[in-house]
Amino acid sequence: MHNGGMNPSPSDAPNPQQVLAMLSASQQTAALVAAIQLDMFTALADGPLTAAALGAKIGAAERGTRSLADYLWIPGLLRKQEDRYSLSPTAQVFLNRHSPA
């Protein structure tokens with residue numbers, strides 16, 4: 001096939017990483033928005049809670065609460081010790097409604 005004498009550059013090659021990165025960004029945004037809408041970060045401001053206790057406090061099912069909390073634990077917005085979740089310093093300052101920031 002003739003391409004006008006131009007060789008394809010590496011950026012012309014199909015790259016699934018671009019698509020996967022964009023999908024991941026979308027999932028991260030959706031998880032953060034859901035946690036904010038559920039007031040998950042403020043619910044954890046007073047101290048660590050299990051998924052069951054946190055779910056009860058925010059009006060969500062335990063299983064869904066655990067999934068969302070684990071997802072937010074991976075990038076470090078939440079901390080997890082045994083079966084209890086707590087806020088990271090970043091979440092405490094920027095995502096807790098009671099924070100002066």
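Predicted model: local features only at pLDDT ≥ 70, side-chain atom pairs only at ≥ 80, totals over all residues.
Which residues in H3 meet which residues in H4?

Residues are numbered from 1 along each chain as its sequence is written, and side-chain values use heavy atoms, with hydrogens and water left out.

On the H3 side we have Ala51, Ala52, Leu54, Gly55 and Ile58, and they meet Glu62, Thr65 and Arg66 in H4, where contact means heavy atoms within 4.5 Å. Helices here are DSSP runs of H or I with at least four residues, and strands are runs of E with at least two, numbered from the N terminus. The axes of H3, residues 51-58, and H4, residues 62-73, come within 8 Å and cross at roughly 105 degrees, which makes H3 roughly perpendicular to H4. The axes are lines fitted to C-alpha atoms, for helices over the stretch in contact, with angles from 0 to 180 degrees between N-to-C directions, and angles under 35 degrees count as roughly parallel, over 145 as roughly antiparallel, 65 to 115 as roughly perpendicular and the rest as oblique.

Staying with H3, its residues Ala51, Leu54, Gly55 and Ile58 are buried, and because they cover an arc of only 100 degrees around the axis, they sit on the same side of H3. The arc is that of the directions from the helix axis to the C-beta atoms, and buried means under 20% relative accessible area, exposed over 50%, and partly exposed in between, with a 1.4 Å probe and protein chains only. These buried residues pack against several elements, including helix H1 (16-38), strand E3 (84-87) and H4.

Now to the salt bridges, defined as a side-chain nitrogen of Lys or Arg within 4 Å of a carboxyl oxygen of Asp or Glu; by this rule the count comes to three. One of them joins Asp39 and Arg97 at 2.6 Å, N to O, and because Asp39 lies in the loop between H1 and H2 and Arg97 in the segment after helix H5 (89-94), the pair ties together parts 58 residues apart in sequence. Asp39 is partly exposed at 28% relative accessibility, whereas Arg97 is exposed at 55%.
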